[in-house]
Amino acid sequence: MVSRRTFLSSAALAPFAASAAADRASPATGSRPVVVASFNGLKAAELAVQRMRDGTDPLEAIIAGVNLVEDDPKDMSVGYGGIPNEDGVVQLDACVMHGPTARAGAVAALEGIKNPSKVARLVMETTDHILLVGPGAKRFAEMNGLPVENLLTDKARKVWLYWKQNLTDKDKWLEPDLSKVDPEVQDFFKEYGTSYFRDPRSHGTVHLSGVNGSGDLAGCTSTSGLFFKMPGRVGDSPLIGAGCFTDNAVGSAGSTGRGEANILISGAHLIVERMRAGRSPRDACLDALKRIAETTREKRLLDGQGRPRFPINFYAVNKKGEYAGACAYEGGDFAVCDAKGARVEKEVFLFKRSERPTDRPVSGTMIKP
């Protein structure tokens, strides 16, 4: 009998060898400054590069870009307008890491403050701590003059309420008539699909990693987390070494997707260490994806071929300006900005996309098992 470990390291990983081998010889290289980002960070990457060209510190430039996404209610995975937890409360997570000083800051389960990336930077710059959570993080933000706001937009509230009405036929909620669903909820369906409430997904998270003209690096990850998560749930986004890691001598990396899987392998740190050993950003990202494939063993998380049934994405840039985006299943996109301008590029991938609709991941999304 073939063990799962043997299976995952051979047959299950064969599509990766075929799909990525041709790309390894030519790592993508940008003219510094370069910013690599998740798909929803296209404008953010462009702004960050502009700021770095003007002489702005790389972390300050990257946070300015991330703020664009945090402030945008149309992005329902980050900041203001993010989908709430199961109690209808928006809880935000973020972390930052500054290459030149080798310092970091983070916040988790933060309520009422729409720019958790700003709070994470304040934690880094003004305290002896790295991570603040919950009410303590909120109080810290208030002490620093950040306004407390209602982050639950009317659209997010309607989507949450519709989710509650569809949870079970054993509660007192009546299942809504699809023909009478609010137009804003229907807009949500157009983006995420009508099967969303049977198979919840999060379009989640924005990540930016960048290097300026002098070779200084920084990274930032921000999210509202898994849609309808348990109150207090914290994913990989605010965890240094998982959702983001930066080493000014090597490079910076971050992730979107199933945070629980990334936490278990410390993915961003793993990628930077692979780059330190001489791997290109592309190959380092693929190494992290392979590690996730090898360490995911619970049946509920595997498809019929023994592959992880959830999407995960990694992004990386090294000190030279080489960059990459990589995903578990083909079809993913990421954003990058350099001397050629801001654009979307295809991610390298580990597995061919499954033909089974229930196993078909969407770029940048996360399936809740």
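Me: What share of the chain's contacts between residues at least 6 apart in sequence join residues at least 24 apart?
Reply: The share is 66%, where contact means heavy atoms within 4.5 Å. The model is a predicted one, in which local features need pLDDT of at least 70, side-chain atom pairs count only at pLDDT 80 or more, and totals for chains, interfaces and linings use all residues. Residues are numbered from 1 along each chain as its sequence is written, and side-chain values use heavy atoms, with hydrogens and water left out.

Me: How many helices and strands are there?
Reply: The chain has eleven helices and 16 strands. Helices (H or I, at least four residues) and strands (E, at least two) are DSSP runs, numbered from the N terminus.

Me: Is Val34 buried or exposed?
Reply: Val34 counts as buried because its relative accessibility is 0%. Buried means under 20% relative accessible area, exposed over 50%, and partly exposed in between (1.4 Å probe, protein chains only).

Me: Where does Val34 lie, and what is it in contact with?
Reply: Val34 lies in strand β2, residues 34–38. Leaving aside neighbours within four places in sequence, its contacts include Val49, Met52, Gly210, Val317 and Tyr323. The C-alpha atoms of Val34 and Gly210 are separated by 5.5 Å, although these residues are 176 apart along the chain.

Me: Changing topic, which residues touch the most other members of the largest nonpolar core?
Reply: They are Ile271, Met275, Leu289, Ile292 and Phe314, in a core of 30 residues. A nonpolar core is a set of buried Ala, Val, Leu, Ile, Met, Phe, Trp, Tyr and Cys residues joined through side-chain atoms within 4.5 Å.

Me: Which element gives the most to this core?
Reply: Helix α11 does, with seven residues. Leu289 touches Ile312, Phe314, Ala326, Cys327, Ala328 and Leu350, not counting residues up to four places away in sequence. Another core, of 23 residues, lies apart from it and has Ala45, Val49, Ile63 and Met124 among its members.

Me: How many aromatic pairs does the structure hold?
Reply: It holds four. Rings of Phe, Tyr and Trp (its six-membered ring) pair if their centres lie within 6.5 Å; planes under 30 degrees apart count as stacked, over 60 as edge-to-face and the rest as tilted. One of the pairs, Phe227 and Phe228, is edge-to-face, at 6.3 Å centre to centre with 70 degrees between the planes.

Me: What about Tyr329 and Phe351?
Reply: Tyr329 and Phe351 form a tilted pair, 5.6 Å centre to centre with 45 degrees between the planes. Tyr329 lies in strand β12 and Phe351 in strand β15, so the pair ties together parts 22 residues apart in sequence.
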